[in-house]
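Visitor: Could you take me on a close look at a single part of this model? I would enjoy one connected walk through a strand and its surroundings.

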Amino acid sequence: MAKSEKELIAALQDAVIHYKVEEARKLANEAVASGADAYKMTMEGLAGGMEVVSEKFDSHEYFVPETLLCAKALYAALDILKPHIKAKAGDKKGQVVLGVMQGDVHDLGKNLIKAIFESAGWIVHDLGRDVPLKKFVDEQLRTDSDIVMLSAMMTTSMVGMKKLIPMIKEKNPNVKIMIGGSPVSEKTVDEYGADSTADNAPNALREAMAMLDALRKGLAKA
Amino acid sequence: MAKEMSSLERVAVGITQRGKSVPDMVPVCPVLCGATHRFSGISYGEWSRGIDVDSFVKGHVDSLNMIGHDGFAMLVDLSVEAGEFGQEVIFPEMDTAHPNYDNPFIKTPDDYAKIKKIDWRKSGRMKFVVDCIKALSAEIGKTHAMMGFVYGSLGTLSMMRGPEKFFMDLVECPEKVIPALQIMDEVLNDYAIAQAEAGAHGVVYDNLYASESILSKPLWEKFEGKGMKMVCDSIQKAGSLVVHHNCGNGIYFDKIIEWGHPDLVSHAYVADDVDSWEEHKKKWGLATATMGWIPPGPVAMLGTPEEIEEECKAELEIYMKDGGYVLATGCEYGPNAPLRNAVRIVEARNKYGVYA
């Protein structure tokens, strides 16, 4: 018997939480075949599951390997559901440009951020690792993204942020900039003129949502 | 005040006599590794390639003389071991060398079988490290503390697969990962012994993944516990101090002590079962000595002179009592950080780290 929408959502959540990649793929195909709302499946099923994963990560029930596997299950289903999601009028998601600083190839944290943000419905423009400074500026302008997120794991690459942040702000003073990585702290945020930092992916999402909210309230007032 | 000690005596007493006796001053070692290339007369890229023992030695000796720290570790960069096992390594002129993650040696889980035993004596950079230890031992071995360095098998193998895929493999196909780790452990064991025999007073084993930042405790233990024990037992047997480095958050001190009996742990954050450095000292301060925890980015690199002094003072106040403490950065001193700040760390030790 075909599953109801409610059952499909619960099953998708379970597949993400327990990193059942094949099951997630199978359920996504089942949802599409049954004509279920792909947007609802994504947001309530996949993102709902990833929310639980974030909680488990925060409470040290899950660590990096488990979280990566959950993201793998999420993407397996998302690849199938995405072409069936219909854009809704007035449903504007946050957009973020994301990348690892020039000279740095450590992209694990960046990839976790991408998974968490995409699961929460954000549009992520992932520039990858070892990204030339100007590429961040160009991509922000091209996509009109709300937030630029810069990652660095080494002090040698972190220093590039000091040069890059004014370059981005000069072109678009309204854009918010979040920086992260092991050498980055609140002090770096102040020193380099960024707007925020976060010590893990779930916290980055919380910070980004607060920044997006502030941005949109500010724009509404203007 | 106790009679003035040599740097080597200071480090030895500071580490091994914790709870029983204290040196004249707290030892200070701001983890100057890549930064010493700036004393060597060659570029960072040339320094990292490991082809010029004389310049490498000059870099460390001159930095000791000019900065005034008590000891150092022989870390070139974390890709030394991976490179010798077959991973392509990129050597930027101005940045730290690293694996080419676009061309991992292990492209599929079946490729773990490609890991073969190697002989460090016939290698490039692993042999270079041992040669540098020998040369440095002759230069400063009687006056300053010198620690060898081994990047653990989990970290090394992750560099050859790419960390993301590697972490998933640990869960999805452990039976393919474990034999590769066992081969590496044997090679690293031989390598660590060679460093001790070449004159390193201690050998650092980097167990980065033994922390809440990356792996659960059982998963870390399953993959690295036994291998680390073999290497650390050998270091001890060879007459060197066992030193661990871990700059992750929430380090599994119970497990690293159980498997790797460190005399000293160089770390940036406290153990997973405590909430503060005061608690950390109370719980773990007698079990092992601590080296840390000045933040390399915000303080050692970006800090004002006042901020550096304040941080050092605060750390010394918490941890120097009864010995068992080395004032240091929590991870490598930024290769590009101002060298004057390393001097400020030594000056702060001279001001606040003298035992009465």
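Guide: Strand β8 (residues 289-294) of chain B is largely enclosed by the rest of the structure, because six of its six residues are buried, where buried means that 20 or more other C-beta atoms, placed from the backbone, lie within 10 Å of a residue's own. Helices (H or I, at least four residues) and strands (E, at least two) are DSSP runs, numbered from the N terminus. This is a predicted model: local features need pLDDT of at least 70, side-chain atom pairs count only at pLDDT 80 or more, and totals for chains, interfaces and linings use all residues. Residues are numbered from 1 along each chain as its sequence is written, while chains are lettered from A and ligands numbered from 1 in the order in which they are written.

Now for the partners of the strand. β8(B) runs parallel to strand β7 (residues 264-267) of chain B, joined to it by three bridges; two strands pair if DSSP finds at least two bridges between them. Within this pairing, M291(B) of β8(B) has S266(B) opposite. To get from β7(B) to β8(B), the chain passes through helix α12 (residues 277-284) of chain B in a right-handed β-α-β crossover: with the strands pointing away from the viewer, the path from the first strand over the helix to the second runs clockwise.

β8(B) also pairs with strand β9 (residues 325-329) of chain B, again in the parallel sense, over five bridges.

How values were computed
Buried ≥ 20, exposed ≤ 12 C-beta atoms within 10 Å, placed from the backbone.
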